[in-house]
Amino acid sequence: MPFYIGSEIYRRSTYGASHPLAIPRVSTCTDLCRAMGWLPDAVYLTAPQATAGDLARFHDPAYIAALQRVEATQEATEEDRRRFNIGVANNPVYPEVFRRPATSAGGVMLAARMTVAGGVVHCPGGGTHQARRAGAAGFCYVNDPVLGLLTWLDAGLDNLVYLDIDAHHGDGVQDAFADDPRVLTISIHEADRWPRTGQVRDRAGGDARNLPVPAGFNDSEMRFLMEEAVLPLIARRRPQAIMLQCGADGLEEDPLARLGLSNRAHWEVVRAVRGLAPALVVTGGGGYNPYTVGRCWAGVWATLNDIDIPERTTLAAEAVLRGLRYNRAAGRNPPSHWFTTIADAPREGPVRDEIRRIARLTSQEGIA
Ligand SMILES: [Zn+2]
């Protein structure tokens, strides 16, 4: 039976009115799952807040102390900005700037502890894949995927796969395990988008794979890459546990990336990796349109539970979606299917030569 780890800390927390993370995401997913009748209380767990000691398993104690101090004072010093990248446009000071990342880490670490012997957990508050050991990066203050993977390793597991389908390269996780053969990191992301790392030949010494895809990447192309390159790679490795970072910024309506996926592509990835290891933890990640993020991650939860997603939302779910505010052009006149459906229309298309080339290079031995 899959478990869902959430937290109310996400409900009113924002990075500031003009930041892409001004929007409610985890609370929207949770509310939608409940309103669809998919989330009984018995499988819902509240994420504990990781302690400074927990975070120090990966992060520099001086950086953790800075986050705690900045939360208390609501002010970043010149040194915080320069040394830790806190209090800059992407990684602003906001009221829960320590507690919220500590909760995302606590949730993913709990998910890992719960699945050491197998099991499935969805933790949509997790997925902050860009944070560094001693600094914030790309809206991420702590790296909860790294902390979750370390939790598995510390419990004795030694064969893990991290698959990242966020529109941005999962650089923080790749770099954290670059010299650790126990963790294979795989990232499918938009080519030439920040942080601009993750070229197709970059294997971080052997235990990473990168699939940088062109703008307009469609559902057929995602299926092709999974079937031709990613799934065989994972199947051959026979991992004990898989962490899937399910960032929703690769979806067509996302304002920060230019990929063209429907949420069905994400659910297909979830279904495909589920049987490949005894343990699966699915996290959130990027995603900056609250309607698409909420519907995508709610559908991830339905998929993990083998629930058929109905054509139309329930009235309660429609009310959740109609209650959202989205302060971008597309949000001022949202199309009606953002309220009345969970599943997008499929976005199939031709599989371009560039995608075939990426699949070929990813499957090729001997690039390191
Ligand atoms: Zn992203």
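Two rings of Phe, Tyr or Trp (for Trp, the six-membered ring) are taken as an aromatic pair if their centres lie within 6.5 Å, and a search of the whole structure, which is a predicted model, finds ten aromatic pairs.

**View 1. Tyr4 and Trp301 form an edge-to-face aromatic pair.** The ring centres of Tyr4 and Trp301 are 5.4 Å apart, with 85° between the planes. Because Tyr4 belongs to strand S1 and Trp301 to helix H11 (residues 290-304), the pair ties together parts that are 297 residues apart in sequence. Tyr4 counts as buried, at 0% relative accessibility, and Trp301 is likewise buried, with a relative accessible area of 0%.

**View 2. Tyr63 and Phe84 form a tilted aromatic pair.** Here the centre-to-centre separation is 5.5 Å and the planes stand 40° apart. Tyr63 lies in helix H4 (residues 61-73) and Phe84 in helix H5 (residues 78-84), so that the pair links parts 21 residues apart in sequence; both Tyr63 and Phe84 are buried.

**View 3. Tyr291, Tyr326, Trp338 and Phe339 form one aromatic cluster.**

**View 4. Eight strands make up an open sheet with parallel pairing.** The strands are arranged in the order S2-S1-S3-S8-S7-S4-S5-S6, and the edge positions are taken by strand S2 (44-46) and strand S6 (208-213), each of which pairs on one side only. From one strand to the next, the twist averages 15°.

**View 5. Strand S1 is seen with its partner S3 and with helix H2.** Strand S1 (residues 3-6) and strand S3 (residues 119-123) run parallel and are joined by two bridges, and Tyr4, the residue of the pair in View 1, stands opposite His122 in S3. Helix H2 (residues 26-35) lies across S1, S2 and S3, and runs at about 140° to S1.

**View 6. The zinc ion is coordinated by Asp166, His168 and Asp249.** The donor atoms are OD of Asp166, ND1 of His168 and OD of Asp249, at 1.9 to 2.1 Å, and along the chain the donors follow the spacing D-x1-H-x80-D. Because His168 lies in the loop between strand S4 (160-164) and helix H8 (171-176), whereas Asp249 lies in the loop between strand S7 (241-245) and helix H10 (263-274), the two residues tie together parts that are 81 residues apart in sequence. Both His168 and Asp249 are buried.

**View 7. Helix H6 (residues 99-114) is largely enclosed by the rest of the structure.** Its 16 residues reach 22 Å from the first C-alpha to the last, close to the 22 Å expected at 1.5 Å a residue.

How values were computed:
Residues numbered from 1 in each chain as written. Predicted model: local features only at pLDDT ≥ 70, side-chain atom pairs only at ≥ 80, totals over all residues. Heavy atoms only, no water. Pairing = 2+ DSSP bridges. Helix = DSSP H or I, 4+ residues; strand = E, 2+ residues; numbered from the N terminus. Axes fitted to C-alpha atoms, helices over the stretch in contact; angles between N-to-C directions. Contact = heavy atoms within 4.5 Å. Donors = N, O, S within 2.8 Å, 3.2 Å for Na, K, Ca; no water. Buried < 20%, exposed > 50% of the residue type's maximum accessible area, 1.4 Å probe, protein only. Expected span 1.5 Å × (residues − 1). Phe/Tyr/Trp six-rings, centres within 6.5 Å; stacked < 30°, edge-to-face > 60°.
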